[in-house]
Amino acid sequence: MLNILTKDMIYKLNDKDSIDGIMYLLTYEVALTKNDKPFVKGTLQSEGAIHFKAWDNTAAYDLIRRDDIHHAIVHITGSVDVYNDIKGVRLDTLEVIPESDELNYLDFMETVYDTDACWMTLVDKLKKYCSPNAMQVFFMIMDDVRVKPSFKYEFAAISHHDSCKSGLLAHTTKVVRWAEMVFLYSDIAIAIDASTFFLAAALHDVGKCVEYQHGGISEKGKIASHLTYGVEILYDYKETIIQLVGENTFDILIATIQQHHGQYGDQPRQLIPALVHIFDSVDTTLSDVNARIREDSQKGIKSSIYIRDVGGNINY
């Protein structure tokens, strides 16, 4: 019987307790101690992320340095490592386990959302507000070879909001649902084309299908962010998108992908990118608050949270 370790199981152990089981290795990198001693540090995943270290005198270190084993199911042995009150794992040995029908990376991802329900809600909302041609654009992008395998299951972030299975889909769905709030403001509602607005909200983070892989940074993600890859995906369909919804809508979609980070990137220059930025920030902030409250509740702690601004700064 497979002994799958979870983050919660490890968190219940004490410093230096032995561990032996299966987890998912997301990413890692070689680092140096203050004395220039090399070691490997990275992130394991199993119903939540947990950091690990492997010192240069271990078999785990040797394997990681010899082989590329990012994004792999692994059998690990080692011990719990507590540093600055943060629990992690100190690896001794590591063995790669091939994916199979019985065991694949999704088995290790934290489940917070109902994937099918989120997808149905997203599509229903878009059909309500988008033109038939805009829906063609949406499904065309969803069928792209870079998007289709991961949009429904990829994380929305590595260690930030919705860093869980289907986090990207859930975040997108919530942004689209937040977007309905514009109809409370008559002048804004008149000033925008609803079909373009909701399509832009649905595609604003599509580049994360390239930037991330199974909840970790992909090799391409080490080169550029989802802002770049989202634009790249849409440009591959530029002529078709323009034929279906017009050049202005294409330009607005590109601008939204490039500018939805607002003060943290290229500033929005049009109303639709600015609105998507606002609702993206609201959902990011509230998702972080929600996750912190859930984590504190699981630990039996009463959360003390206040939000300084809508840009996502949260203080505890």
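Which side chain meets that of Asp 283 in a salt bridge? The partner is Lys 174, at 3.4 Å from N to O, where a salt bridge is a side-chain nitrogen of Lys or Arg within 4 Å of a carboxyl oxygen of Asp or Glu. Asp 283 belongs to helix 12 (residues 271–298) and Lys 174 to helix 5, so that the pair links parts of the chain 109 residues apart. Helices (H or I, at least four residues) and strands (E, at least two) are DSSP runs, numbered from the N terminus. Asp 283 is buried, with a relative accessible area of 2%; buried means under 20% relative accessible area, exposed over 50%, and partly exposed in between (1.4 Å probe, protein chains only).

The model is predicted: local features need pLDDT of at least 70, side-chain atom pairs count only at pLDDT 80 or more, and totals for chains, interfaces and linings use all residues. Residues are numbered from 1 along each chain as its sequence is written, and side-chain values use heavy atoms, with hydrogens and water left out.

A search of the whole structure finds 16 salt bridges. One of them joins Asp 56 and Lys 37 at 4.0 Å, N to O. Asp 56 lies in the loop between strand 3 (49–55) and helix 2 (59–66), and Lys 37 in the loop between strand 1 (18–32) and strand 2 (38–45), so this pair ties together parts that are 19 residues apart in sequence. Asp 56 is partly exposed at 29% relative accessibility, and Lys 37 is partly exposed at 37%. A further bridge connects Lys 125 with Glu 180 at 3.2 Å, N to O. Here Lys 125 sits in helix 3 (residues 115–129) and Glu 180 in the loop between helix 5 and helix 6, 55 residues apart. Lys 125 is partly exposed, with a relative accessible area of 21%, whereas Glu 180 counts as buried at 18%.

The discussion now turns to the nonpolar interior. A nonpolar core is a set of buried Ala, Val, Leu, Ile, Met, Phe, Trp, Tyr and Cys residues joined through side-chain atoms within 4.5 Å. The largest such core has 49 residues, of which Leu 126, Phe 138, Ile 141, Met 142, Phe 151, Phe 197 and Leu 234 touch the most other members. Among the elements that give two or more residues to this core are helix 3, helix 4 (132–142), helix 5, helix 7 (194–203) and helix 12. Leaving out residues up to four places away in sequence, Phe 197 touches Ala 179, Val 182, Ile 192, Ile 272, Leu 275, Val 276 and Phe 279, contact being heavy atoms within 4.5 Å.

Aromatic rings form a further theme. Rings of Phe, Tyr and Trp (its six-membered ring) pair if their centres lie within 6.5 Å; planes under 30 degrees apart count as stacked, over 60 as edge-to-face and the rest as tilted. The count comes to 11 aromatic pairs. In one of these, Trp 119 and Phe 151 are edge-to-face, 6.4 Å centre to centre with 75 degrees between the planes. Trp 119 lies in helix 3 and Phe 151 in the loop between helix 4 and helix 5, so the pair ties together parts that are 32 residues apart in sequence. Trp 119 is buried at 18% relative accessibility, and Phe 151 is buried at 2%. Trp 119, Phe 138, Phe 139 and Phe 151 form one aromatic cluster.
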